[in-house]
Amino acid sequence: MYIKRKDVLQFLKFGIVGLSNTLISLLVYYIFIWMNGAWYQIGNAVGWLVSVANAFYWNNKYVFADGESGVWKTVKKLGKTYLSYGATFLLSVFLLYLEVDIWGWSSVISPLINLLVTIPLNFLLNKFWTFQ
């Protein structure tokens, strides 16, 4: 199987955007639990909203740029971005609930563990659906 240079570069760019998303999301999350430990789900939601906006901007402009513009096309991709990341957000909410409330795991460590599931899922959804 031949892997194209373009695909490798795209994957690397997505990884860089993903790293920035993760850092932004975690920063917002940790600010909320620093303010009040019981606010971990609120921090998770706000972190998600901010990081998805960041993801859309960079993925649309640099990672999956198709050269097409227009308000409708941009709105459609933005909607798909929030739906894609929404699916993994709901998964992370469920996992956080299980890990923190049911299993008694640390609210500091649990979101890091969840990244092992959500990052690959986000890449697949964005690559093959959002920015097809």
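W48 counts as buried, since its relative accessibility is 16% (buried is under 20% relative accessible area, exposed over 50%, partly exposed in between, with a 1.4 Å probe and protein chains only). Keep in mind that this is a predicted model, where local features need pLDDT of at least 70, side-chain atom pairs count only at pLDDT 80 or more, and totals for chains, interfaces and linings use all residues. Residues are numbered from 1 along each chain as its sequence is written, and side-chain values use heavy atoms, with hydrogens and water left out.

**Aromatic pairs**

- Searching the whole structure turns up 10 aromatic pairs (ring centres of Phe, Tyr or Trp, the last by its six-membered ring, within 6.5 Å; planes under 30 degrees apart are stacked, over 60 edge-to-face, the rest tilted).
- W48 and Y82 make an edge-to-face pair, because their ring centres sit 5.5 Å apart with the planes at 80°.
- That pair ties together distant parts of the chain, with W48 in helix α2 and Y82 in helix α3, 34 residues apart (helices are DSSP runs of H or I of at least four residues, strands are E runs of at least two, and both are numbered from the N terminus).
- Y82 comes out as partly exposed, at 26% relative accessibility.
- W103 and W105 form a tilted pair, 5.2 Å centre to centre with 45° between the planes.
- Both of those Trp residues are partly exposed: W103 has 48% relative accessibility, and W105 has a relative accessible area of 39%.
- F14, F56, F64 and F131 are linked into a cluster by ring pairs.

**Nonpolar cores**

- In soluble globular proteins, nonpolar side chains tend to be buried together.
- Here the largest nonpolar core has 12 residues, among them W48, V52, F56, Y85 and F123 (a core is a set of buried Ala, Val, Leu, Ile, Met, Phe, Trp, Tyr and Cys residues joined through side-chain atoms within 4.5 Å).
- Helices α1, α2 and α3 are the elements that give two or more residues to this core, and α2 gives the most, with five.
- V52 is in contact with T81, Y82 and Y85, leaving aside neighbours within four places in sequence (contact means heavy atoms within 4.5 Å).
- There's also a second, separate core of five residues, including Y29, Y40, L96 and V100.

**The α3–α4 loop**

- S107 lies in the loop between α3 and α4, and at 19% relative accessibility S107 counts as buried.
- Not counting residues up to four places away in sequence, S107 touches Y29, I33 and V100.

**Helix α4**

- Helix α4 spans residues 110-130 and bends by about 40° at L116, with a proline, P120, following within four residues (the bend is the angle between axes fitted to the seven residues ending at a residue and the seven starting there).
- Buried residues of α4 include N114, T118, N122 and F123.
- The cover over the buried residues of α4 includes α1 (5-35), α2 (40-63) and α3 (71-102).

**Largest pocket**

- The largest pocket has a volume of about 520 Å³ (the space filled by probe spheres set on grid points, which are joined across faces, edges and corners).
- Its lining takes in 28 residues, with T22, L115, T118, I119 and N122 lying nearest the centre (on a 1 Å grid over the protein atoms alone, a pocket is an open set of points where a 1.4 Å probe fits, with protein on both sides within 12 Å along at least five of seven lines; lining residues have an atom within 4 Å of a point).
- Helices α1, α2, α3 and α4 are the elements giving two or more residues to the lining, and α1 supplies the largest share, 10 residues.
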